Amino acid sequence: MSLPNDPAILLSVVNTRLRDRYDDLDTLCEEADIAREELCSRLERLGYRYDTRTNQFR
């Protein structure tokens, strides 16, 4: 699975997939073949952090 490069679109795609398909970020990262740290870093540049309680970037 490929993830978009545009940060705003990436946020939308990741949160949608977390809501609709994945129970946690680790599973999404494994399926997308991306390091959790890399994904989190990309989204933190926009001011978003992963919230395990809600299973989304907020």
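## Exercises on a predicted model

Leaving aside neighbours within four places in sequence, Asp51 touches Gln56 and Arg58, where contact means heavy atoms within 4.5 Å. The model is predicted, so local features need pLDDT of at least 70 and side-chain atom pairs count only at pLDDT 80 or more, while totals for chains, interfaces and linings use all residues. Residues are numbered from 1 along each chain as its sequence is written, and side-chain values use heavy atoms, with hydrogens and water left out.

**Exercise 1.** Find the element that holds Asp51, and decide whether Asp51 is buried or exposed.

*Solution.* Start with the element: Asp51 lies in strand E1. Helices (H or I, at least four residues) and strands (E, at least two) are DSSP runs, numbered from the N terminus. Next, take the relative accessible area of Asp51, which is 17%. Buried means under 20%, exposed over 50%, and partly exposed in between (1.4 Å probe, protein chains only). Asp51 is therefore buried.

**Exercise 2.** Which residues of H3 are buried, and what covers them?

*Solution.* First list them: Leu39, Cys40, Arg42 and Leu43. They cover an arc of only 160 degrees around the axis, so they sit on the same side of H3; the arc is that of the directions from the helix axis to the C-beta atoms. Their cover includes helix H1 (7-20), H2 and E2.

**Exercise 3.** Describe how H1 and H3 are oriented to each other.

*Solution.* Take the axes, which come within 9 Å and cross at roughly 125 degrees. Axes are lines fitted to C-alpha atoms, for helices over the stretch in contact, and angles run from 0 to 180 degrees between N-to-C directions. Angles under 35 degrees count as roughly parallel, over 145 as roughly antiparallel, 65 to 115 as roughly perpendicular and the rest as oblique. H1 and H3 are therefore oblique to each other. Finally, name the residues in contact: Pro7, Leu10, Leu11 and Val14 of H1, with Leu39, Arg42 and Leu43 of H3.
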